[in-house]
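Me: Please go through this structure with me in steps, one question at a time. I would like each answer to end on the value or name that I asked for.

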Amino acid sequence: MDTRQLIIYRNLEYQELFEEFAGLLEGAGERKDAGSLEIAGERKDAGSLEIAGERKDAGSREGAGSREGAGSRKDAGSREGAGSRKDAAGREAALANQLIELAVTYGFEGNLWHCFMAFCLANNENAYSTTCEIQGGAGGSLDQLARRDFAVFKDLFDRDIRVLGGPVWEMLAAYKPARTDSKVFNKRIRDRIVNLAVQLEQAADVDAFQRLVVDFYREFGVGKFGLNKAFRVVEKENGQQVIIDPIINVEHVYLNDIVGYELQKKKLIENTEAFIRGKEANNVLLYGDAGTGKSSSVKAILNEYYHQGLRIIEVYKHQFKALSDVLEQIKDRNYKFIIYMDDLSFEDYELEYKYLKAILEGGLGKRPRNVLIYATSNRRHLIREKFSDKRELDDELHNNDTVQEKLSLAARFGVTIYYGSPDKFQFQKIVSVLAERYHVNLPEEELYAEANKWELSHGGLSGRTASQFITHLLGTLVE
């Protein structure tokens with residue numbers, strides 16, 4: 001079936017590879033359908049009468065020349081045929097190479113042609129797939145138009161790459177990877193794409209094929225936002241649109257992993273759950289002492305609620321000018337996005353905070369309902385203040401205005417959560433829980449004594465110090 005008939009699934013990431021493979025398989029099918037008798041019949045139709053006529057028109061000497069010419073043409077034809085076969089073999093080898101490279105990059109296994117097509121369907125952001133993500137079937141004409149495209153994909157799924165012949169295609173139809181991890185997706189997503197390929201291969205008809213794809217969109221979403229949970233912003237020069245680039249390896253920390261700070265976690269959970277359910281929710285500022293779990297709490301929130309459509313985009317303060325571009329790209333997607341700003345603070349000469357203030361509240365453009373801002377900082381008021389500021393205020397005609405300018409940024413976070421350093425007893429509790437979790441077998445008195453020595457020379461009382469102490473023990477204790 002001609003891939004040019006596709007209406008919705010037209011701009012695939014690997015469009016050229018997709019079309020080349022489709023053409024190759026279609027050509028192989030046509031060669032298989034055209035048997036040897038038909039080919040022989042074609043040679044027979046161009047048969048002896050025509051050749052005899054040519055010989056009759058030409059004299060004997062001319063006929064000899066014709067025979068000589070025929071010999072030359074035969075040699076040229078043989079060379080041309082051999083060249084064509086070499087070109088075809090080279091083309092097939094290049095396509096096989098691309099499938100193998102993709103298999104290593106994405107962690108595919110099994111039938112690589114089917115895995116590739118399943119990836120194309122899972123990764124292509126279009127009018128239909130983005131409508132189906134998280135919410136399910138689109139309905140109406142969009143469903144019917146998509147069904148036409150799925151008929152093309154179903155036809156391609158039914159074609160067997162082994163018809164191309166040779167041991168290479170036999171291996172690529174049942175590919176066994178050296179390793180099953182992915183350089184692009186987490187294992188769960190990789191497994192789901194491979195499983196989708198198997199399910200689509202077994203689909204009885206186009207309707208079943210479409211239902212499987214829609215179920216995938218509902219559960220995982222589509223494209224980079226569907227197949228990844230965390231992202232960073234990559235700025236482009238010359239006014240080009242910024243790229244929201246996936247972060248592959250996100251730390252697997254969960255709220256239960258953070259010892260203590262129950263009230264803080266409860267407050268963060270309540271705000272996040274309201275946001276995910278489509279209710280009113282506030283921007284959040286987590287502030288307090290270093291190493292107390294502010295950043296870990298945000299990462300844990302992402303891991304806890306990723307399955308419910310939560311995504312996070314990390315933005316640094318030098319990128320605040322690009323925030324409006326980021327919001328424009330995510331405002332119409334069926335996910336909930338947290339714009340995450342870690343260790344947020346400004347020196348008094350840095351003016352980037354003005355861009356953030358406009359995004360938080362105060363700009364003409366309304367912040368999308370599917371976006372919140374979560375920031376962590378060691379400073380409550382975010383913008384550095386010095387005693388010299390007070391002397392400078394004496395020269396200000398309206399010194400209260402200057403104070404409010406610096407305080408207003410923190411005030412635009414509706415929820416502020418304080419993370420303070422633990423006391424000695426709380427620190428020992430954190431050490432004890434972490435030691436049990438990681439199977440560090442030391443008598444309690446010895447464990448606490450060593451922990452106290454460690455914290456005196458490694459940053460003081462904090463959850464981070466406790467974690468680093470346990471890591472030290474894991475690396476030095478004799479098993």
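**A histidine and its surroundings**

Me: Where is the place of histidine 114?
Reply: This is a predicted model, in which local features need pLDDT of at least 70 and side-chain atom pairs count only at pLDDT 80 or more, whereas totals for chains, interfaces and linings use all residues. Residues are numbered from 1 along each chain as its sequence is written, and side-chain values use heavy atoms, with hydrogens and water left out. Helices (DSSP runs of H or I, at least four residues) and strands (runs of E, at least two) are numbered from the N terminus. On that basis, histidine 114 belongs to the helix that spans residues 112-123, namely α5.

Me: Does histidine 114 count as buried or exposed?
Reply: The classes rest on relative accessible area, with under 20% called buried, over 50% exposed and anything in between partly exposed (1.4 Å probe, protein chains only). Because its relative accessibility is 4%, histidine 114 counts as buried.

Me: Leaving aside its neighbours within four places in sequence, which residues is histidine 114 in contact with?
Reply: Contact here means heavy atoms within 4.5 Å. Once neighbours within four places in sequence are set aside, the partners of histidine 114 are Phe157, Arg159, Ala197 and Glu201.

**The protein as a whole**

Me: How many helices and strands does the protein have?
Reply: The protein consists of 479 residues, of which 43% count as buried. Its secondary structure comprises 20 helices and seven strands.

Me: Among the contacts with a separation of 6 or more, what percentage is between residues 24 or more positions apart?
Reply: The reference set is made up of contacts in the protein with a separation of 6 or more. Within that set, residues 24 or more positions apart account for 79%.

**Strands side by side**

Me: How many residues of strand β5 are buried?
Reply: Strand β5 covers residues 336-341 and is mostly covered. Lys336, Ile338 and Tyr340 point one way from β5, while Phe337, Ile339 and Met341 point the other way, and all are buried. The number of buried residues in β5 is therefore six of six.

Me: Which residue in β5 does leucine 310 stand opposite?
Reply: Two strands pair if DSSP finds at least two bridges between them. Strand β4 (residues 310-314) runs parallel to β5 and is joined to it by five bridges. In this pairing, the residue of β5 that faces leucine 310 is lysine 336.

Me: Which helix makes a β-α-β unit with β4 and β5?
Reply: The unit is right-handed, a term that applies if, with the strands pointing away from the viewer, the path from the first strand over the helix to the second runs clockwise. The helix between β4 and β5 in this unit comprises residues 323-330 and is α14.

Me: What is the bridge partner of methionine 341 in β6?
Reply: Strand β6 (residues 371-377) pairs with β5 in the parallel sense, over five bridges. The partner of methionine 341 within β6 is alanine 375.

Me: Which residue in β7 does valine 284 stand opposite?
Reply: Valine 284 lies in strand β3, where Val284, Leu286 and Gly288 point one way and Leu285 and Tyr287 the other, all of them buried. Four bridges join β3 to β6, and these two run parallel, with valine 284 opposite tyrosine 374. β3 also pairs with β7 (residues 415-419) in the parallel sense over five bridges, and there valine 284 stands opposite valine 415.

**Loops and a helix residue**

Me: Why does tyrosine 261 count as buried?
Reply: Tyrosine 261 is found in the loop between β2 (243-247) and α12 (262-276), and its phi is near 55°, a positive value in a residue other than glycine. Tyrosine 261 counts as buried because its relative accessibility is 13%.

Me: Why does histidine 439 count as exposed?
Reply: Phi of histidine 439 is near 60°, again a positive value in a residue other than glycine, and histidine 439 lies in the loop between α18 and α19 (444-457). The reason that histidine 439 counts as exposed is a relative accessibility of 64%.

Me: What separates the C-alpha atoms of leucine 263 and tyrosine 419?
Reply: Leucine 263 lies in helix α12 and counts as exposed because its relative accessibility is 69%. Along the chain, leucine 263 and tyrosine 419 are 156 residues apart, while the separation of their C-alpha atoms is 9.9 Å.
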